[in-house]
Amino acid sequence: MIEFISKPWPWYVAGPAIGLMVPLLLIVLNKSFGVSSSLKHLCAMCSISKANYFKYNWKKESWNLLFVFGIFLGALFVAEYIPTNELVGISDATVTKLSSLGISDFTGLMPSQIFGFDHISNTATLISVVLGGFLVGFGTRYAGGCTSGHAIMGLSMLNLGSLVAVVGFFIGGLAVSWFILPLILSSL
Amino acid sequence: MRHLYAVLLGALFGGILVKAEVLSWFRIQEMFWFQSFHMYGIIGSAIVVGAISLQIIKRLEAKSISGDLINPADKKFNKKGNLIGGIIFGCGWALTGACPGPLYALVGSGYGIILVSIFSAMLGVVAYGILKDKLPH
């Protein structure tokens, strides 16, 4: 059991486990699974903008902020007590392609050449960390959900709007990974 | 108690995100390059389990532990907003290698620099909040 928990999970264990978050949240809190609205609540909580969009009682949505605080704690717990010391199990084809684009360090969850405070002034880091984050916030609120709210909760409900959003996720993601990422990595 | 449950459910989800490796930038590029079934298998099987669970909940007219009928509201469908916003988020997903859930999990995993991404994401939300009425939805 410990051996199983300590290893990275295959898709057929991880996927259904994530899917079970949908009924668990409904049964325990009667809330729909979703993460990105937490970003809006954080803004409302910190009152960083006077726009009407943030004029609502964010305290009523505090479950969502506690949920994402839990995400942080859960990851921290795993990192502390049941860490995986293996490399992320990506395919050889991906390693080959990333190597040809200039990635040489495959340890950890993200390439250290980009995601580190030491590189904060590098073009690749600014684009990935700062611009990427901005687009995640802007896009998820514009679309009304992210991978959890639209792809998992929305598609589970057979919601047409969520399907449109997910198609959008992939149009954007494919365009960046295929055409923009190579340019960004060439600056390393 | 509800507060504690929210944190615990989040912790469960955060732990799964790490064990599933879906918070890894490497996994996200691999997915968009169609070089592994891993991410597709996870998202697909999560949807199947979610959909079956919702059907069961509906048929049984199940109640939450606080005794209320479970009846999740459909999300509002803005044709243009969902597509354009979706495309913008997709770009961000591929750039940071993380969607919102994984952002929080990455910070927990020790990637402090992702706090910068979360702050940037908040600024993105502010920008949307200010521009909302001028954007096509």
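**Exercise 1.** At what angle do helix 5 of chain A and helix 1 of chain B pack, and how far apart are their axes?

*Solution.* A word on the model: it's predicted, so local features need pLDDT of at least 70, side-chain atom pairs count only at pLDDT 80 or more, and totals for chains, interfaces and linings use all residues. Residues are numbered from 1 along each chain as its sequence is written, with chains lettered from A and ligands numbered from 1 in written order.

Step 1: find helix 5 (residues 62-81) of chain A and helix 1 (residues 2-19) of chain B. Helices here are DSSP runs (H or I, at least four residues), numbered from the N terminus.

Step 2: read off the geometry. The angle is about 45°, with the axes 6 Å apart. Axes are lines fitted to C-alpha atoms over the stretch in contact, and angles run from 0 to 180 degrees between N-to-C directions.

Step 3: sort the contact residues of this pair. They comprise 20 nonpolar, 6 polar and 2 charged. Nonpolar covers Ala, Val, Leu, Ile, Met, Phe, Trp, Tyr, Cys and Pro; charged covers Asp, Glu, Lys and Arg; the others, Gly among them, are polar.

**Exercise 2.** Work out whether B:Gly108 is buried or exposed.

Step 1: count neighbours. B:Gly108 has 26 C-beta neighbours inside 10 Å, so it counts as buried. The cut-offs: buried is 20 or more other C-beta atoms within 10 Å, exposed is 12 or fewer, and partly exposed is in between, with C-beta atoms placed from the backbone.

Step 2: check a distance. The C-alpha atoms of B:Gly108 and B:Val18 are 9.7 Å apart, though 90 residues separate the two along the chain.

Technical notes. Helices (H or I, at least four residues) and strands (E, at least two) are DSSP runs, numbered from the N terminus.
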